[in-house]
Amino acid sequence: MTRVPDTTPEGAPEDTVRSTAADTAESTGGSATAGAARAAAPDEATGEAVNETTNEAAGPARKTAEVRRRGAGRPPTRASRLLQNRWAGLAGLLVALLAPFVNATPYALSVMTSAAIFVMLAAGLNIVVGYCGLLDLGYVAFFAVGAYTSGVLATRLDLPLVATVPAVIVVTVVAGIVIGAPTLRLRSDYLAIVTLGFGEIIRITANNLDVTGGPSGIYGIPGLAGSPVAFYYLTVVVVALAVLGAARLGRSRIGRAWRFVREDEDAAEAMGVHTYRVKLAAYIAGAVWGGLAGVLFAAHLSAISPGSFTFLQSALVLMAVVLGGMGSIPGVVIGAIVISILPEILRDLADYRFFLFGVLLIAVMLLRPQGLWPARSKEVP
Amino acid sequence: MTTLLSVSDLRLSFGGLLAIDGLTFSVNEAEVVSVIGPNGAGKTSAFNCVTGFYRPTAGQIMLRGRSLRGLRPSAVAALGVARTFQNLRLFGELSVLDNVRAGAHLWLRQNVLDALLHTPRYRRSERECTEQAHHWLDFVGLRGDRYGEARHLPYGEQRRVEIARALARRPDLLLLDEPAAGLNHGEKTELLDLIRRIQALGVAIVLIEHDMGLVMEVSERVVVLNFGKEIADGRPEDVRRDPAVIEAYLGSDTHA
Ligand SMILES: Nc1ncnc2c1ncn2[C@@H]1O[C@H](COP(=O)(O)OP(=O)(O)OP(=O)(O)O)[C@@H](O)[C@H]1O
Ligand SMILES: [Mg+2]
């Protein structure tokens with residue numbers, strides 16, 4: 001055997017039943033109709049985001065074998081989905097790179113930089129919520145941990161911000177483990193409540209510690225680039241890499257395991273997926289993405305305070321993920337841009353803008369409940 | 001013939017209910033053993049105990065002399081046990097291929113860095129994984145679309161996918177929980193052939209099944225459960241004539 005089996009922790013004497021969801025007695029007729037009903041369900045997919053074909057390196061011999069196996073009757077339009085996603089990504093990047101040539105006022109640059117950072121947050125939360133199906137209502141905790149770690153180290157020790165990145169990664173991984181290890185044993189509805197609590201705890205802690213500057217926060221955090229334009233480009237590059245990384249993780253062994261867990265934890269366990277570890281890995285990945293976004297945030301504003309890390313922020317990131325399409329990389333990028341830019345576009349409406357923002361969101365969710373760019377599990381042969 | 005799985009004096013209770021009350025049986029390498037019994041006899045519960053989903057109250061479960069008790073299901077799977085579920089547990093919204101790739105999860109040699117950098121090792125392992133998935137789908141004779149979502153397949157095809165997923169685990173022991181349930185006559189004939197071909201790979205099979213024709217045809221031995229108690233264990237032709245078994249299946253009708 002290739003894997004060292006690990007024993008379950010003892011100390012749960014009453015725990016005869018590990019999973020009540022595993023087959024309880026059901027009549028054969030019942031299961032047959034249930035299966036048939038499920039097979040007939042017509043609604044759209046929410047699955048893998050970017051389906052890069054995994055057998056791309058296979059030779060032509062393999063191709064013909066595949067064609068033979070598949071037989072006829074496959075719509076040809078699907079064959080281009082791989083390219084679509086690739087091109088969509090490149091087109092998005094191009095738009096982001098050209099945007100300052102259209103409008104480079106300090107205000108516009110600041111809004112665009114914030115939007116890019118928000119995209120990174122959404123890509124990180126998408127790993128937890130979209131891929132792995134874990135509802136996290138306190139995601140902003142990791143954003144705060146990253147921002148404060150880099151801010152405190154840079155100002156207290158007089159370090160350049162880049163030098164704090166390794167520490168940020170270590171601290172966010174630890175934070176992910178500390179928050180995730182106890183909570184991921186819980187059922188998902190409890191998980192939502194506990195993560196919500198952790199989000200608040202982090203904020204209140206920052207509010208009360210001296211090292212974090214209390215309610216007024218930290219000032220004079222050094223930047224990462226000379227000018228706002230340069231910083232914007234740096235942010236776009238970092239965020240693009242983060243989005244690409246999240247997409248690649250999603251298409252790998254661990255990414256599939258996340259989806260197996262989301263779809264059916266028992267079936268995943270039965271196939272040898274250590275569901276607890278896999279969930280923890282998703283949580284840690286999300287934490288690192290959020291923490292690194294926090295570094296960009298600290299560099300962008302040069303000042304951070306607890307007020308930036310409220311529950312509203314967690315809710316907005318979650319909204320971006322849901323609005324765009326859970327588990328879909330192009331979806332969450334679009335969702336994040338919409339959520340961060342829309343309030344700025346509506347700024348002229350003054351007091352009504354958040355009202356209209358809410359109405360627009362509700363309209364989108366009613367018209368496209370699967371998100372703006374939903375994930376697809378359909379593979380490209 | 002060496003013993004692969006041996007279960008002795010297995011007991012499981014849910015509160016006051018004794019779902020399994022002293023079950024003892026063993027399975028040799030590459031052998032087909034059927035577990036039969038009326039509804040609620042405790043067959044699925046026994047599977048759940050072996051695979052780590054339920055924790056037995058008492059008894060021993062040994063795989064090649066190694067105890068499986070207290071292991072979590074993924075650890076049992078890692079030791080070479082795969083299973084299907086009585087009420088189909090596919091990853092419905094994932095592609096058929098991805099479902100079968102789940103079986104290859106433990107065989108894949110790639111880490112997070114490979115995935116992030118798309119190293120040759122990543123590409124190779126993904127390619128092998130996909131080839132394996134195709135192989136096992138061919139093996140079970142899937143005719144439907146393997147690139148689309150699993151839930152869109154007809155029921156009988158979904159059953160095949162679930163078996164392909166378990167086979168992709170390349171287990172030494174395969175537990176099938178009522179694989180013929182809901183299948184039509186032609187599909188049952190194909191299932192019979194499939195079970196024989198799986199056995200020919202050197203995989204031992206424990207089969208829970210209500211279809212007696214199938215059970216009598218494929219099993220080397222049959223274990224009969226009734227109300228959690230084991231009432232017979234032997235060759236199919238002997239078990240079929242056992243008065244206790246006839247009694248359990250036909251109830252008081254035999255005396256009427
Ligand atoms: N998780 C559970 N909690 C409580 N009781 C359970 C649980 N699982 C099974 N049981 C009970 O244990 C007994 C055995 O159930 P089991 O599902 O093992 O029967 P089975 O032999 O598989 O029956 P069938 O042929 O209908 O599938 C039943 O009385 C059932 O109600
Ligand atoms: Mg059963």
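Angles between axes under 35 degrees count as roughly parallel, over 145 as roughly antiparallel, 65 to 115 as roughly perpendicular, and the rest as oblique. Axes are lines fitted to C-alpha atoms, for helices over the stretch in contact, and angles run from 0 to 180 degrees between N-to-C directions. Helices are DSSP runs (H or I, at least four residues), numbered from the N terminus.

This is a predicted model, in which local features need pLDDT of at least 70 and side-chain atom pairs count only at pLDDT 80 or more, while totals for chains, interfaces and linings use all residues. Residues are numbered from 1 along each chain as its sequence is written, and chains are lettered from A in the order in which they are written.

Start in chain A with helix α4 (residues 106-131) and helix α13 (residues 329-345). Their axes lie 8 Å apart, at an angle of about 140 degrees. The two helices are therefore oblique to each other. Their crossing is right-handed (the near helix is turned clockwise from the far one by less than a right angle). Contact means heavy atoms within 4.5 Å. On the α4(A) side, the contact includes Tyr107(A), Phe118(A) and Tyr131(A). On the α13(A) side, Ile329(A), Ser340(A) and Glu344(A) are among the partners. By class, this contact has 15 nonpolar, two polar and one charged residues. Here Ala, Val, Leu, Ile, Met, Phe, Trp, Tyr, Cys and Pro count as nonpolar, Asp, Glu, Lys and Arg as charged, and the others, Gly among them, as polar.

α4(A) also packs with helix α11 (residues 275-301) of chain A. Their axes come within 7 Å and cross at roughly 170 degrees. That makes α4(A) roughly antiparallel to α11(A). Ser110(A), Ile117(A) and Val128(A) are among the α4(A) residues in this contact, and α11(A) brings residues including Tyr283(A), Trp289(A) and His300(A). The contact divides into 14 nonpolar, seven polar and no charged residues.

Return to α13(A). Helix α12 (residues 311-324) of chain A packs with α13(A) at about 130 degrees, their axes 7 Å apart. That makes α12(A) oblique to α13(A). This crossing is right-handed. Leu316(A) and Met319(A) are among the α12(A) residues that meet α13(A), where the partners include Gly331(A) and Val338(A).

Now turn to chain B. An automatic or database domain assignment sets the domain bounds. Domain 1 covers 1-80 + 171-256, and domain 2 covers 90-169. Their C-alpha centres lie 27 Å apart. Domain 1 of chain B gives 19 residues to the contact, and domain 2 of chain B gives 13. The area buried between them is about 1,300 Å², with 66% from carbon and sulfur atoms. Buried area is the accessible area (1.4 Å probe) that two parts lose on being put together, summed over both. In domain 1 of chain B, Pro171(B), Glu190(B) and Leu194(B) lose the most area to domain 2 of chain B, together 31% of what that side buries.

Technical notes
Heavy atoms only, no water.
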